[in-house]
Amino acid sequence: MGSCVRASASAMLRGVLATALMATSALAFATDGIAQLRQFVAATPSAEGEFEQTVLAQSGRKPQQASGHFAYARPGRFNWEYERPYRQILIGDGVNLWTWDPDLNQVTVRAMGDALGATPAAILFGSGELDEGFVLTEGGREGELAWVEARPRQADSGFESLRIGLQGGQLRRMEMRDNFGQTTLIRFTRLAPNPQLATDRFRFVPPSGADVIGDAAAPAR
């Protein structure tokens, strides 16, 4: 989930229904942001949806707008695809993170552990152990949203702060500020929890003729 589109950068049915019912009951009593965030992470190991992204530069230049769709299944498997203004696909297969730019037919690959770490992406795609990577504090309420402030425990995480907005136990917004003063705003326009996701959605094979940068790690045996 890079700060710029060009620059960067899913149980059986009964079980799912039971989890959803329990989560709904619990969320009825959760009003503060941290409780909602913990319940969202615990009750939503997978999801799919759509997003809109805005990147604001410290220099004040024109904001960069992007949109697309996503799916994830923790830990470490996700498909995050930008559709506008340029197509770019980021796929985590649990071992590697693949980034493909179709216009350039260029692929970059790196180890998943190095790619996620204590980054904002770990909130959705990581192990679900929030306190390992972040210090969480209440961020107050703004309208219908309850906010959580998440600061990375690692000094070299690449970002300064993260704000997470939730409503009724569902993730609605993320606001990230990086070490260069650039702010990335993500609005989740649709988020469907715990859908059935095909496993090949999280696989990637470099297209024929693509320029591949980096070496893919072999799956653990």
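Analyst: What follows takes the ring pairs one by one, in a predicted model.

User: How many aromatic pairs are there by this rule?

Analyst: The count comes to nine.

User: What makes the pair of F78 and F125 stacked?

Analyst: The ring centres of F78 and F125 lie 4.2 Å apart, and a pair needs centres within 6.5 Å. The angle between their planes is 10 degrees. Planes under 30 degrees apart count as stacked, so the label applies.

User: Where in the chain do F78 and F125 sit?

Analyst: F78 is in strand 3 (residues 77-84) and F125 in helix 4 (residues 121-125). They are 47 residues apart, so the pair links distant parts of the chain. Both F78 and F125 are buried.

User: Why is the pair of W100 and F204 called tilted?

Analyst: Its planes stand at 50 degrees, with the ring centres 6.1 Å apart. Stacked needs under 30 degrees and edge-to-face over 60, so this pair is tilted. W100 belongs to strand 5 (residues 96-101). F204 lies in the loop between strand 11 (183-193) and strand 12 (211-213), 104 residues apart from W100.

User: Are W100 and F204 buried or exposed?

Analyst: Buried means under 20% relative accessible area. W100 has 16%, so W100 counts as buried. F204 has 15%, so F204 counts as buried too.

User: Which residues do ring pairs link into a cluster?

Analyst: The cluster holds F51, F70, Y72, F78, W80, Y82, F125 and F188.

User: Which residue lies over the face of W147?

Analyst: R163 does, at 4.1 Å from the ring centre. The cut-off for that distance is 6 Å.

Notes
Residues are numbered from 1 along each chain as its sequence is written. This is a predicted model: local features need pLDDT of at least 70, side-chain atom pairs count only at pLDDT 80 or more; totals for chains, interfaces and linings use all residues. Side-chain values use heavy atoms; hydrogens and water are left out. Rings of Phe, Tyr and Trp (its six-membered ring) pair if their centres lie within 6.5 Å; planes under 30 degrees apart count as stacked, over 60 as edge-to-face and the rest as tilted. Helices (H or I, at least four residues) and strands (E, at least two) are DSSP runs, numbered from the N terminus. Buried means under 20% relative accessible area, exposed over 50%, partly exposed in between (1.4 Å probe, protein chains only). A charge sits over a ring if NZ of Lys or CZ of Arg is within 6 Å of the ring centre and within 35 degrees of the ring normal.
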